[in-house]
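The exercises below concern a ligand and the space that holds it.

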Amino acid sequence: MTMEKQIFIFDTTLRDGEQVPGCKLNTKEKLRLALQLEELGVDVIEAGFPISSPGDFESVTEISKIIRNATVCGLTRAVQKDIEVAGEALKYAKKPRIHTGIGTSDFHIKSKFNTTREEILRRAVQAVKWARNYTDDVEFFAEDAGRTDNDYLAQVVEAVIAAGATVVNIPDTTGYCLPSQYGEKMAYLMQHVSNIDRAILSCHCHNDLGMATANSIAGVISGARQIECTINGLGERAGNTSLEEVVMVLKQHKDLGLYTNIQTQLLNPISRLVSETMRVPVQPNKAIVGANAFSHSSGIHQDGFLKNAQTYEIISPEEVGAEGSKIVLTARSGRSALAYRFQKLGYDFTRDDIDVLYENFLQVADRQKEVEEEHLNEMAKAYKESTVQAQ
Ligand code: KIV
Ligand code: ZN
């Protein structure tokens, strides 16, 4: 029997998620979300980038004071002052982590730093050593690892682990990789980094091509043990990996032998809280937490769903804290859905009644985008009056 492995959930809603224009949070808002993230069961809360502003320094400090079970993490560049400030902001944390790093792709090395691979490797090692002065839990990120040459990336990973990194983050910063490429990158590192048993690898995937979730899953299948993600997939540009998506993929695909400690029934409530606090609506068709994630609207689907919910639902709404499945009435709906909705409103119509009512329904449905409760009540009233007159 193979043992199930835990995948650690590193939530970066308060750092990468908060980088979305207009999503800036104050300390009070960050504290409220941090407490809910802890309740949700995330393993790591990336609370902010302490050197970036006095407000973020304060947020990381205050979050460090109240979080009891999760690791609290602060981001830094591979710069001594950043690391000192992060160490200071995290000093009250029960489990502090410093997340430091530098760009490793040739784009970053040449265009951003105008330097050499050797110099980047030296700075990476130095940053990890500085960070280890403040905590034993140091995560290194190789920015733009998605476009970094695998052989050089393996050298960097080996060197930072030797310097004391306990987690190594392999970000697909630009969301460029295909799932197969990202998975192969992780597998390459698992095979070619001689001291890989002393650290874990982490997935941090952006969604520029809509592949962040698929890439993160490919990463953990290939041996990574942590996924960095955000509620509702918020993050720079097209966003990060959605926490709710990767958690439910692992829960649905038990055959992968991977699990998380997330309390999935809290996924919808926290999605709504993040959406309200950050003032970013959730797209209706968003997996797991979108308003339509459990709505059935076409006649064929509704009929199958009403016979057995599993025909058209792979997750039950209760499992993810959603309101419940909905049978939405539109011009594409069928008789069974109409009968079901009338029954829910307390009407006891026969099949023959429904046949007549369905013709009226289609006329209303062609005029309306969605047939609502009030329309059904009007239709029922008119139908009852017409049958009384006919007697
Ligand atoms: O996308 C990225 O590379 C990042 C790093 C700072 C971890 O967010
Ligand atoms: Zn990122």
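**Exercise 1.** How many Å separate an oxygen atom of ligand 1 from an N or O atom in the side chain of His206?

*Solution.* The model is predicted, so local features need pLDDT of at least 70 and side-chain atom pairs count only at pLDDT 80 or more, while totals for chains, interfaces and linings use all residues. Residues are numbered from 1 along each chain as written, chains are lettered from A and ligands numbered from 1 in the order written, and side-chain values use heavy atoms, without hydrogens and water.

Step 1: the separation for His206 is 3.0 Å, which makes the pair a polar contact (N or O atoms within 3.5 Å).

Step 2: the side chain of Asp16 likewise has an N or O atom 3.0 Å from an oxygen atom of ligand 1, and a polar side-chain atom of Arg15 lies 3.0 Å from an oxygen atom of the ligand.

**Exercise 2.** Which elements give two or more residues to the shell around ligand 1?

*Solution.* Step 1: they are β6 (138–143) and β7 (167–172), strands being DSSP runs (E, at least two residues).

Step 1: the residues around the ligand include His99, Phe141 and Asn169, where near means a heavy atom within 4 Å.

**Exercise 3.** Which residues lie nearest the centre of the largest pocket?

*Solution.* Step 1: of the 24 lining residues, Arg15, Leu75, Lys112, Phe141 and Glu143 lie nearest the centre.

Step 1: the strands β4 (71–77), β5 (96–103), β6 and β7 each supply at least two residues of this lining.

Conventions. Polar contact = N/O pair within 3.5 Å; in protein donor to acceptor, adjacent residues only side chain to side chain. Helix = DSSP H or I, 4+ residues; strand = E, 2+ residues; numbered from the N terminus. 1 Å grid on protein atoms, 1.4 Å probe; cavity = no way out; pocket = protein on both sides within 12 Å on 5 of 7 lines; lining within 4 Å.
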